[in-house]
Amino acid sequence: MTQMPPLPSAGPSVGGSGSRGIPGWALALIIGGAVLVVICVIALLVAILMPSLSRAKQLAMTTICQTNLQTIHSGMRMYLAEHDALPPDVDTLVRLNLVSPQALQCRGPGDGPPGRYCVHFPAGEPEKIDGRTLVACDLKGNHPDGMRNVLGYGGRGGYMDSRQFQAELQHPRNAEFAKALREKEGP
Ligand SMILES: [Zn+2]
């Protein structure tokens, strides 16, 4: 049985990790530092992009909501054209397929349940109703910024803050609507 000659030495290595030249602890420090830099860059990017992402999300949500209200308005006009009267309620429009059930859902904040609307068609002769009379609006809390989309009888809408909305509600032409809203969401 012959003895194998000893292998040539791999050279001096501190730390005994076997890697050539760079000691193990230094390698760990370099990798750790690089990972830290990557984490910092990602955190920075997230911090920069998040506000604009959430703004974009809010804008998209507001636009979908406005489209919903316009769908309700179109449904109301179609019903009016056919029946010569305003619909008794929005459920009637859904039943007649003039408004899809999805149009009655404001996609609420984040992943929460979809927000609802208060819809109330004014009484009286349709051609005598003021176009600014409220017909539909977001319920409280649908939008994270505290604003509400509203729809007037004439088809014009708006995105109102609380002060604007309260002022609009207090107008005599909206007394009926204000009552309907109170019944839905309390005083
Ligand atoms: Zn909404």
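Strand 3 and strand 4 (residues 157-160) pair in the antiparallel sense over four bridges. Helices (H or I, at least four residues) and strands (E, at least two) are DSSP runs, numbered from the N terminus. Two strands count as paired if DSSP finds at least two bridges between them. The model is a predicted one: local features need pLDDT of at least 70, side-chain atom pairs count only at pLDDT 80 or more, and totals for chains, interfaces and linings use all residues. Residue numbers start from 1 along each chain as its sequence is written. L151 stands opposite G157 in strand 4. The hairpin of strand 3 and strand 4 has four residues between the strands, and there G155 takes a positive phi near 100°.

Strand 3 also pairs with strand 2, again in the antiparallel sense, over three bridges. Here V150 of strand 3 is the bridge partner of C137. A136 stands opposite L151 in strand 3. Strand 1 runs antiparallel to strand 2, and three bridges join them. Y117 faces D138 of strand 2.

Together, four strands form an open sheet with the order 1-2-3-4 and antiparallel pairing. Strand 1 (117-119) and strand 4 are the edge strands, each pairing on one side only. Neighbouring strands of this sheet are turned by 15° against each other on average, direction ignored. Helix 1 (residues 24-83) packs on the sheet and touches strand 1, strand 2, strand 3 and strand 4. The direction of helix 1 makes about 20° with that of strand 3. For such angles, axes are lines fitted to C-alpha atoms, for helices over the stretch in contact, and the angles run from 0 to 180 degrees between N-to-C directions.

Five of the five residues of strand 3 are buried, so strand 3 is largely enclosed by the rest of the structure. Both of its faces are covered. R148, V150 and G152 are buried on one side, N149 and L151 on the other. Strand 2 is likewise largely enclosed, because five of its five residues are buried.

N142 lies in the loop between strand 2 (134-138) and strand 3 (148-152). N142 is buried, with 23 other C-beta atoms within 10 Å. The C-alpha atoms of N142 and R116 are separated by 7.4 Å, although the two residues are 26 residues apart along the chain.

Helix 1 has 60 residues. From its first C-alpha to its last it reaches 84 Å, close to the 88 Å expected at 1.5 Å a residue. The expected span is 1.5 Å times one less than the number of residues. A kink of about 35° lies at L49, shortly before the proline P51. The bend at a residue is the angle between axes fitted to the seven residues ending there and the seven starting there. The buried residues of helix 1 are M61, C65, N68, L69, I72, H73, G75, M76 and Y79. They pack against helix 2 (90-95), strand 1, strand 2, strand 3 and strand 4. Just after helix 1, D84 takes a positive phi of about 60°.

The protein chain holds four helices and four strands. From the N terminus on, its elements run α-α-β-β-β-β-α-α. Buried residues make up 23% of the 187 residues. Two residues are in contact if their C-beta atoms, placed from the backbone, lie within 7 Å. Of the contacts with a separation of 6 or more, 42% are between residues 24 or more positions apart.

Confidence is given by pLDDT, the predictor's confidence in each residue, from 0 to 100. The protein chain averages a pLDDT of 87, and 87% of the residues score at least 70. Among the elements, strand 2 has the highest mean pLDDT (97) and helix 1 the lowest (90). Over residues 10-18, pLDDT stays under 50. For this stretch the model has nine contacts beyond four places in sequence.

Key:
Buried ≥ 20, exposed ≤ 12 C-beta atoms within 10 Å, placed from the backbone.
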